[in-house]
Amino acid sequence: MDTRSKIVLGEEAAKLAAAGATVVSGYFDPMLASHARRLAQLKRDRTPMLVLISTPSDPILPARARAELIASLRVVDHVAEAGEGIAVQVNLEMEDDTRLEKLIEHVHARQRAKS
């Protein structure tokens, strides 16, 4: 299965949300294993999950690349770029900011250790 087929446009995303999908938004920039674990925690049986890709102020990866990575996760049913008018149930952006800060700290610590 080509998981890119899980990527939907705004109008279809709005219909999925209105039909009762669990709507989660986040940056996923970069996508980490902790994102996959967090999304798995949020998945409800028999309820489709729609993940909206938000864009941070200074993205590492383009939104499309992040959408393709998120679409590859089994627990995710649909992915769209964040848009107006879709009610989000779980916002992961603040968690994503924390994840990125910790990743940067980890990389800097490793660089200092090798110096």
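This is a predicted model: local features need pLDDT of at least 70, side-chain atom pairs count only at pLDDT 80 or more; totals for chains, interfaces and linings use all residues.

User: How many helices and strands does the protein chain have, and in what order do the elements run?

Analyst: There are four helices and four strands in the protein chain. Read from the N terminus, the order is α-β-α-β-α-β-β-α. The C-alpha trace spans about 55 × 30 × 25 Å along its principal axes.

User: And how do I read the sheet?

Analyst: Strands of a sheet pair through backbone hydrogen bonds, either parallel or antiparallel. Two strands count as paired if DSSP finds at least two bridges between them. Here, four strands form an open sheet in the order E3-E2-E1-E4, with parallel pairing. Strand E3 (78-81) and E4 are the edge strands, each pairing on one side only. Between E1 and E2 the parallel pairing runs over five bridges. Within that pairing, valine 23 stands opposite leucine 50 in E2, and glycine 26 has isoleucine 53 of E2 as its bridge partner.

User: Is E2 buried or exposed?

Analyst: First the cut-offs: buried means under 20% relative accessible area, exposed over 50%, and partly exposed in between, with a 1.4 Å probe and protein chains only. E2 is mostly covered, with five of its five residues buried. Met49, Val51 and Ile53 are buried on one side, and Leu50 and Leu52 are buried on the other, so both faces of E2 are covered. For the protein chain, 37% of its 115 residues count as buried.

User: How would I find the buried side of a helix?

Analyst: An α-helix has 3.6 residues a turn, so residues three or four places apart point the same way. In H2, the buried residues are His35, Leu39 and Leu42. They cover an arc of only 55° around the axis, which puts them on the same side of H2; that arc is taken from the directions from the helix axis to the C-beta atoms. Exposed Arg37 and Gln41 sit on the face of H2 turned away from its buried side. Strand E1 (22-26), E2, helix H3 (63-71), strand E4 (90-91) and H4 are among what covers the buried residues of H2.

User: Which backbone angles deserve a look?

Analyst: Most residues other than glycine have a negative phi, and most peptide bonds are trans. Arginine 46 has a positive phi of about 60° although it is not a glycine. Phenylalanine 28 has a positive phi of about 50°, lies in the loop between E1 and H2, and counts as buried because its relative accessibility is 0%. Aspartate 29 and proline 30 are joined by a cis peptide bond, with omega about -5°.

User: Which residues line the largest cavity?

Analyst: On a 1 Å grid over the protein atoms alone, a cavity is a set of points where a 1.4 Å probe fits but cannot get out, and lining residues have an atom within 4 Å of a point. The largest cavity is lined by Asp29, Pro30, Leu32, His35, Asp96, Arg99 and Leu100. Helix H4 (residues 93-114) gives the largest share of that lining, three residues.

Notes: Residues are numbered from 1 along each chain as its sequence is written. Side-chain values use heavy atoms; hydrogens and water are left out. On a 1 Å grid over the protein atoms alone, a cavity is a set of points where a 1.4 Å probe fits but cannot get out, and a pocket is an open set with protein on both sides within 12 Å along at least five of seven lines; lining residues have an atom within 4 Å of a point. Helices (H or I, at least four residues) and strands (E, at least two) are DSSP runs, numbered from the N terminus. Contact means heavy atoms within 4.5 Å.
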